[in-house]
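Student: I am new to this protein and would like to examine it step by step. May we look at it together?

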Amino acid sequence: MSSDDEALIDSAIFQEPSGYYPPPKLATFESRILQSGETLRLRLVGHNPLWVVTDYLYDHKESLVRGRDILELGAGAGLPSIAAAIWGAKNVLVTDYPDEDLVENMMINVDAATDVFPSSSSIIAVQGHVWGADAEPLLANLPSGRRGFDTLVLADLLFNHSQHTALVSTIQATLSRSPDAKALVFFTPYTPWKFDKDMAFFDLARLGGFEVNQVVKRIMDKVMFKDDRGDELLRRTVFGYELSWNDLDV
């Protein structure tokens with residue numbers, strides 16, 4: 001047998017069979033009309049964003065958005081961040097895991113929204129970040145002298161139970177130590193039998209120095225993922241909480 005024949009046999013032995021790897025997740029698009037009237041067309045990869053937190057930001061834009069520095073963690077499509085830039089935030093930082101596709105997706109959505117940003121647009125940037133890692137690269141986006149963001153947005157992240165400690169650590173490192181600084185944590189329990197584990201995040205937050213207040217409980221018309229199992233009512237419910245520092249001298 002020739003060396004070429006042997007190479008062909010070796011190649012066939014170690015070649016993964018057809019269908020071995022899952023197909024790549026295809027990007028989909030979804031349009032959203034903001035309460036202020038602008039239409040955003042978002043590129044989604046793998047999941048849909050949670051719209052309710054964006055509505056909450058609009059309803060409280062004078063206290064949570066306008067003139068404030070905003071950081072979104074695990075942004076995905078980045079809808080809340082883009083909306084905040086439209087509604088007068090001073091600086092907006094859109095972040096997610098530093099995966100090339102995730103970062104590119106955020107950049108595509110920010111670029112696509114440029115036409116609807118006001119002429120006096122806020123500064124909006126995109127950056128990869130691993131929760132729990134050094135926060136200095138995030139804080140470097142703030143104006144000189146600032147050491148924290150006024151509003152943090154965490155939408156649909158609590159299903160990742162193993163990362164709760166890292167999320168709390170990042171909130172501690174990036175939320176401005178000010179009485180009016182808020183971290184918004186919104187989620188839907190897609191696996192209702194793990195709801196207690198979702199809620200355990202807030203126990204960690206309290207231990208980490210935060211006051212926790214529920215601000216939203218909205219039941220949606222339908223579930224996000226119809227084939228999931230478990231309590232349908234719970235899977236249609238969006239919970240929203242505000243975190244603020246409880247140990248400040250005021």
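Student: What percentage of the 250 residues in the protein is buried?

Tutor: This is a predicted model, in which local features need pLDDT of at least 70, side-chain atom pairs count only at pLDDT 80 or more, and totals for chains, interfaces and linings use all residues. Residues are numbered from 1 along each chain as its sequence is written, and side-chain values use heavy atoms, leaving out hydrogens and water. Buried means under 20% relative accessible area, with a 1.4 Å probe and protein chains only. Of the 250 residues, the buried ones make up 46%.

Student: Is leucine 184 buried or exposed?

Tutor: Leucine 184 belongs to strand β7, residues 182-187; strands are DSSP runs (E, at least two residues), numbered from the N terminus. Its relative accessibility is 0%, and therefore leucine 184 counts as buried.

Student: Which residue lies 57 residues from leucine 184 in sequence and 5.8 Å away in space, C-alpha to C-alpha?

Tutor: Beyond four places in sequence, leucine 184 touches residues including Val53, Leu152 and Glu242, where contact means heavy atoms within 4.5 Å. Also among the residues touched is the one at that C-alpha distance of 5.8 Å, tyrosine 241.

Definitions and conventions. Buried < 20%, exposed > 50% of the residue type's maximum accessible area, 1.4 Å probe, protein only. Helix = DSSP H or I, 4+ residues; strand = E, 2+ residues; numbered from the N terminus.
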